[in-house]
Amino acid sequence: MKKLVTSAAVLALLAAPALADTKIGMITTLSGGGAGLGVDVRDGFMLAISQSGRDDIEVVIEDDQRKPDIAVQLADKMIQSEKVDVLTGIIWSNLAMAVVPSVTAQGKFYLSPNAGPSALAGAGCHQNYFNVAWQNDNLHEAAGAYANSAGYGNSFILAPNYPAGTDALTGYKRTFEGDVANEIYTKLGQTDYAAEIAQIRASDADSVFFFLPGGMGISFLKQYADSGIEKPVIGPAFSFDQGILQAVGDAALGVVNTSQWNKDIDNATNAAFVESFQAEYGRLPSLYASQGFDTANLLISAIEAADVSDADAFRDALRAADFDSTRGAFSFGPNHHPVQTIYAREVIKEGDVFTNKIVATALENHADAYAADCKM
């Protein structure tokens with residue numbers, strides 16, 4: 001009987017799941033408007049975790065429903081009940097502003113795979129907050145730099161009225177050397193742009209810059225194409241990314257947009273990522289998927305170098321960014337935001353699939369404008 005009990009105990013131990021040494025809480029948008037962005041971040045992140053072969057990392061995933069109050073509740077639950085060590089996943093800047101300060105105040109690490117509001121890059125920076133995507137202004141600064149090289153001198157600019165929208169227009173104006181014909185903030189979630197398009201038509205602008213992520217950008221581009229206005233359009237990748245392009249269709253062809261990543265960046269890590277993502281999920285990866293993948297690989301590199309319970313050592317390991325990025329060269333500035341090259345891409349069609357190709361370098365080894373205000 002004693003032998004049987006002992007054998008049963010051993011079998012029970014073997015059958016029990018191993019306790020994870022590092023527990024990750026992912027809060028992202030998986031339903032409603034913008035769900036495609038969260039799905040891509042999640043899928044890119046989980047692909048990297050799977051490829052690492054590590055069984056000492058557990059990931060708890062929750063849907064924030066794109067609501068700040070839900071995101072805060074989930075973060076508190078993950079920290080206090082789930083006992084996570086690191087949080088990640090948020091897409092939207094207003095949610096990041098609600099969650100990140102609370103997470104870092106509780107002594108946890110937050111790695112952003114997307115949202116990069118200026119307030120968290122400057123005076124509101126924190127030693128436990130790392131952004132693995134960009135500071136919100138960056139792709140818009142690159143769009144302004146591209147507009148200069150294209151010879152545009154008078155831009156009509158518009159974005160939704162929330163933190164990332166403000167950062168977008170601020171970023172574009174920071175580098176654009178021409179005049180601004182008009183500056184408009186639209187409603188977040190707006191889908192009818194007849195009034196704005198009428199103002200563009202009536203203006204003396206020679207170009208249009210817009211930041212309208214997700215469904216907002218789909219609606220605007222289709223309506224703009226139908227309007228017959230021939231003023232060239234420039235935007236950041238958020239309205240020309242892989243998932244969105246199929247919904248926009250021909251209206252996006254030829255439009256130049258800016259991004260720190262594209263599937264044709266020529267390095268072995270990126271080529272392997274694009275191929276493996278397609279094989280795993282049956283679709284081309286997006287900018288968001290690449291950011292999720294890089295965020296996970298940064299995290300894995302830190303776990304391999306230090307124990308998360310040793311906050312100082314783990315922070316140093318994150319800061320070292322000792323991983324192979326899909327973007328190639330990658331490093332953190334003093335405020336834990338990326339220093340990286342940003343490209344101009346053109347929307348093309350490959351067979352039946354709309355996608356992007358790199359046509360120029362917009363900004364090289366670019367850092368954000370708020371690092372000087374960060375006092376860590």
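Domain bounds in these legends come from an automatic or database domain assignment. The structure is a predicted model, in which local features need pLDDT of at least 70 and side-chain atom pairs count only at pLDDT 80 or more, while totals for chains, interfaces and linings use all residues. Residues are numbered from 1 along each chain as its sequence is written, and side-chain values use heavy atoms, with hydrogens and water left out.

**View 1. Domain 1 and domain 2.** The assignment for the chain gives domain 1 (2-135 + 265-340) and domain 2 (138-260 + 342-373). Taken over C-alpha atoms, the centres of domain 1 and domain 2 are separated by 28 Å. Contact (heavy atoms within 4.5 Å) joins 27 residues of domain 1 to 29 residues of domain 2.

**View 2. The largest pocket.** Grid points are joined across faces, edges and corners, and a volume is the space filled by probe spheres set on the points. The largest pocket has a volume of about 150 Å³. Its lining comprises 15 residues, of which Gly36, Leu37, Asp40, Gly243 and Ile244 are the closest to the centre. Two or more lining residues come from each of helix 2 (35-52) and helix 10 (242-248); helices (H or I, at least four residues) and strands (E, at least two) are DSSP runs, numbered from the N terminus. Helix 2 gives the most, with 5 residues. Because domain 1 and domain 2 both give residues to the lining, the largest pocket lies between them.

**View 3. The largest cavity.** The structure holds 2 cavities of 30 Å³ or more, and the largest cavity has about 110 Å³ of space. Of its 15 lining residues, Ile91, Asn114, Trp134, Tyr162 and Phe211 are the closest to the centre. The lining divides into 11 nonpolar, 4 polar and no charged residues, where Ala, Val, Leu, Ile, Met, Phe, Trp, Tyr, Cys and Pro count as nonpolar, Asp, Glu, Lys and Arg as charged, and the others, Gly among them, as polar. Domain 1 and domain 2 both give residues to this lining, so the largest cavity lies between them.

**View 4. The second largest cavity.** The volume of the second largest cavity is about 50 Å³. Among its lining residues are Asp241, Trp261, Lys263, Pro285 and Arg345. By class, the lining has 2 nonpolar, 4 polar and 3 charged residues.

View 5. His336 is placed in the loop between strand 11 (331-332) and strand 12 (338-350). His336 counts as buried at 1% relative accessibility; buried means under 20% relative accessible area, exposed over 50%, and partly exposed in between (1.4 Å probe, protein chains only). The side chains of His336 and Arg319 make a polar contact (3.2 Å), that is, a pair of N or O atoms within 3.5 Å; within protein, one must be able to donate a hydrogen and the other to accept it, and residues adjacent in sequence count only if both atoms are side-chain atoms. Leaving aside neighbours within four places in sequence, His336 is in contact with residues including His126, Tyr129, Phe130 and Met376.

Conventions. 1 Å grid on protein atoms, 1.4 Å probe; cavity = no way out; pocket = protein on both sides within 12 Å on 5 of 7 lines; lining within 4 Å.
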